Amino acid sequence: MEGTSVLRLLALISLLSCSTNQAGLTVSPSRSQFFEGESVSLSCEEDDSSAGWTLRRNTTGDTRTQCGDGWWRKEGSTCKTSSIGEHESGVYWCESREGASSSSVQLTVTGGSVILQSPVLPVMEGDDVTLSCRTKTPPSSLPAAFYKDGSLIRTEPAGHMTLHQVTSSDEGLSCSISGHGESPSSRISVSGSDLSPSVKKTPSTQAEPVPDDGDDDEITTKHHF
């Protein structure tokens with residue numbers, strides 16, 4: 001009986017060890033759309049440094065290739081590029097030597113003049129999320145029309161729109177600014193309960209400043225309890 005209890009305890013310790021051996025994928029600036037030529041960095045923040053997490057991606061030209069293997073510059077657990085290209089649109093994730101994977105993020109790079117700033121990491125179902133429609137050149141905050149699946153939601157004079165109590169159906173989002181064009185389509189990743197431990201979410205889910213003109217608008221998430 002005592003031997004059985006010891007085995008169960010060892011199994012529980014092993015399970016807890018596996019569950020905490022995770023990596024949080026972070027993106028800077030924290031958004032899912034980028035203008036071609038922007039600086040971007042992605043990091044695999046390790047809970048266990050021995051896990052050896054590596055950033056990988058699937059794009060039109062790459063399949064499961066790792067950072068530093070012909071693309072971007074690897075600095076520890078961070079991968080950087082000073083000029084992201086349209087061909088680098090795709091799915092990015094962290095992967096351990098043992099084959100475990102973090103949740104993935106979808107990055108979209110456009111050669112156009114408009115992007116939709118939305119959270120790149122998952123938000124909680126029921127949150128309020130503020131989106132921003134931004135141009136590549138100043139002034140970036142202009143009147144913008146917001147769309148869902150091609151249908152107009154509404155037009156906002158300052159280029160910001162709040163989606164109240166988001167759900168998993170909030171996909172196919174885009175925006176346009178008169179005289180500048182339309183952004184690529186985007187979706188918000190929504191979690192129905194606690195976030196997976198493999199994704200690290202900042203408390204406010206805000207966009208970090210864009211390095212080009214310093215006029216990057218914030219993406220905010222308000223929680224409902």
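Select glutamine 66 to start; Gln66 sits in strand E5 (residues 63-66). Strands (E, at least two residues) and helices (H or I, at least four) are DSSP runs, numbered from the N terminus. The model is a predicted one: local features need pLDDT of at least 70, side-chain atom pairs count only at pLDDT 80 or more, and totals for chains, interfaces and linings use all residues. Residues are numbered from 1 along each chain as its sequence is written, and side-chain values use heavy atoms, with hydrogens and water left out.

Buried means under 20% relative accessible area, exposed means over 50%, and partly exposed lies in between (1.4 Å probe, protein chains only).

Now show the residues around glutamine 66. Leaving aside neighbours within four places in sequence, glutamine 66 is in contact with Thr54, Leu55, Arg56 and Trp71. Contact means heavy atoms within 4.5 Å.

**The cores**

Next, select Val27, Leu42, Leu55, Trp72, Tyr92, Val105 and Leu107. These residues have the most contacts inside the largest nonpolar core, which has 20 residues. Strands E1 (23-28), E3 (40-46), E8 (90-95) and E9 (105-110) are the elements that give two or more residues to this core. A nonpolar core is a set of buried Ala, Val, Leu, Ile, Met, Phe, Trp, Tyr and Cys residues joined through side-chain atoms within 4.5 Å. In soluble globular proteins, nonpolar side chains tend to be buried together.

Keep tyrosine 92 selected and show what touches it. Not counting residues up to four places away in sequence, the contacts of tyrosine 92 include Leu25, Leu42, Leu55, Trp72, Val105 and Leu107. Arg56, Arg57, Thr59 and Ser103 are also among the residues that tyrosine 92 touches. For the second, separate core, select Val114, Val129, Cys133 and Val190, which are among its 17 residues.

**The pocket and the cavity**

Go to Val105, Gln106, Val120, Arg187 and Ser189. Of the 13 residues that line the largest pocket, these are the closest to its centre. The largest pocket has a volume of about 230 Å³, and its lining divides into five nonpolar, seven polar and one charged residue. Here Ala, Val, Leu, Ile, Met, Phe, Trp, Tyr, Cys and Pro count as nonpolar, Asp, Glu, Lys and Arg as charged, and the others, Gly among them, as polar.

Pockets and cavities are found on a 1 Å grid over the protein atoms alone: a cavity is a set of points where a 1.4 Å probe fits but cannot get out, a pocket is an open set with protein on both sides within 12 Å along at least five of seven lines, and lining residues have an atom within 4 Å of a point. Grid points are joined across faces, edges and corners, and a volume is the space filled by probe spheres set on the points.

How many cavities of 30 Å³ or more does the structure hold? The structure holds one. About 40 Å³ of space lies in the largest cavity. Select its lining: Cys44, Trp53, Thr54, Leu55, Cys67, Lys74, Gly76, Ser77, Thr78 and Cys79. Strand E4 (54-59) and strand E7 (78-81) are the elements that give two or more residues to this lining.

**The salt bridges**

A salt bridge is a side-chain nitrogen of Lys or Arg within 4 Å of a carboxyl oxygen of Asp or Glu. The count by this rule comes to ten. Select aspartate 170 and lysine 148, whose side chains meet in a salt bridge (3.4 Å, N to O). Aspartate 170 is in the loop between strand E15 (160-163) and strand E16 (173-177), and lysine 148 is in strand E13 (residues 144-148), 22 residues apart. Aspartate 170 is buried at 9% relative accessible area, while lysine 148 is partly exposed at 26%.

Move to glutamate 171 and arginine 187, another salt bridge at 3.4 Å, N to O. Glutamate 171 lies in the loop between E15 and E16 and arginine 187 in the loop between strand E17 (181-182) and strand E18 (190-191), so the pair ties together parts that are 16 residues apart in sequence.
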